[in-house]
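Here are my notes from going through this one. Have the viewer open while you read them.

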Amino acid sequence: MKKRILAAAMAAVMMGTALTGCGNKPAESGSSSAAANTDANEIVIGGLAPLTGSVSIYGTAVNNAVQLAIEQINQGDGVLGKKIKYISYDTKGDATEAVNAYNKLVQNDKIVALIGDVTSTPTLAVSSEAAKSGIPMISATATAEDVTAAGPNVFRACFTDPFQGELMANYASKKLNAKTAAIIYNMADDYSVGLAETFEKTAKDLGLEVVAKESYTTNDVDFKSQLTKIAAKSPDVFFVPVYYQDVALIATQARQLGIKSTLLGGDGWDGVIEQIGKDNASAVEGSLFCSQYSAESTDPALKKFLEEYKAKYNADANMFAVLGYDAVHILVQAIEEAGSTDSKAVVEKMAAIKYSGLTGEITYDENRNPIKQAAITQIKDGAYKFLEYYSK
């Protein structure tokens, strides 16, 4: 994850039931997945996403956007004069499910490239397998640092966990003039650990004192013990690098215990306003988090996408959808520039790509991570407000 990880100002994002109820099939999207049905005039691209389960809101958004992008490409000239056949499987956010689905895509469906997975843990598992075959793989939203370390054929459209942690520590110190900070993180989640570790390291380098660092594990709902310790330190900022469901609980309990620190987070915060509800919205008022894009951008291509996504799915696009759309076009541009679907040729073109998309101008560093800015978003008056683009 990962999993606007993350997510943005951003137009009533993370519409849970609305987003997960858009008619996506949990198995495959599009035509039959049988290898026997593969047409010589088609380019088969695979997709992996959690379409059911606790993180389905992320996977559905990515999968929706991928399908929209491919539909539009196919309505035009296609790719290399061929139509794209997109086959996606539900990984449920589980690493084993993801590997099994990946093997099915490669062995049965004969894909030439992969878009997925969506959150970091299953993506890490799949990237190790994809590296063995050299198949071009791009995750729209998996932010764990090690995702692309699996092999030279593995890319991502989003920035990384370390990037977010480092950036938010810089922002706290240089923009907010914070002197002290506290951290709470999910020790069972790669995304959360990655952000927490780099925030702490960068804070130390900047002279921002981390006065408290507390942890919890998945499915915990009572954070009062950890928060009581943090409250005693009265930090200037409180970094909460977890997903929006946990943010809603932590923020509410933090305010109940008298913590007045400015809350900070990563892209996993996308959807927290909808999750926390109007009655508790004051708990996250004034909070800041980094994201991949801003819906307040004047970019006509972004505005067009947001309108088209809304029209097709009757839901507002979020960061995950925006990144999913970019991931498709990065891959397609590389295939076009390669002039074939040969894995080695496509990978070489992806590594050297100069792409202009919904999340800005993208090139890749030596680790196949995108070089880009982050959008700083503030929660103000119960809504996401874009503040500025910021680079560390």
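**Notes on the cores and the sheet**

1. Start with the packing: the largest nonpolar core has 109 residues, and Ile138, Phe199, Phe238, Val272 and Phe305 touch the most other members. A nonpolar core here is a set of buried Ala, Val, Leu, Ile, Met, Phe, Trp, Tyr and Cys residues joined through side-chain atoms within 4.5 Å; buried means under 20% relative accessible area (1.4 Å probe, protein chains only). Helix H11 (residues 319–338) supplies the largest share of this core, 13 residues. Helices (H or I, at least four residues) and strands (E, at least two) are DSSP runs, numbered from the N terminus.

2. Before you go further: this is a predicted model, with local features needing pLDDT of at least 70 and side-chain atom pairs counting only at pLDDT 80 or more, while totals for chains, interfaces and linings use all residues. Residues are numbered from 1 along each chain as its sequence is written, and side-chain values use heavy atoms, leaving out hydrogens and water.

3. Have a look around Ile138. Not counting residues up to four places away in sequence, its contacts (heavy atoms within 4.5 Å) include Leu114, Phe155, Ala327, Met350 and Tyr364. Apart from this core lies another, of 19 residues, with Val44, Tyr89, Ala130 and Ala144 among them.

4. Now the sheet: five strands, open, in the order S2-S1-S3-S4-S5, with parallel pairing. Two strands count as paired if DSSP finds at least two bridges between them. S2 (83–90) and S5 (154–156) are at the edges with a single partner strand each, so one side of each has no neighbour in the sheet. On average, neighbouring strands are turned by 25° against each other, direction ignored.

5. Individual pairings: S3 (residues 113–115) and S4 (residues 137–139) are joined over two bridges, with Ile138 in S4 as the bridge partner of Ile115. S1 and S2 pair over eight bridges, and Ile45 has Tyr86 in S2 as its partner. From S1 the chain goes through H2 to S2 in a right-handed β-α-β crossover (with the strands pointing away from the viewer, the path from the first strand over the helix to the second runs clockwise).

6. Which helices go with the sheet? H2 (residues 56–75) touches S1 (42–49), S2 and S3, its direction making about 165° with that of S2. H3 (residues 95–107) lies across S1, S2 and S3, at about 175° to S1. Axes are lines fitted to C-alpha atoms, for helices over the stretch in contact, and angles run from 0 to 180 degrees between N-to-C directions.

7. Finally, burial: 16 of the 20 residues of H2 are buried, so H2 is largely enclosed by the rest of the structure.

Technical notes. Buried means under 20% relative accessible area, exposed over 50%, partly exposed in between (1.4 Å probe, protein chains only).
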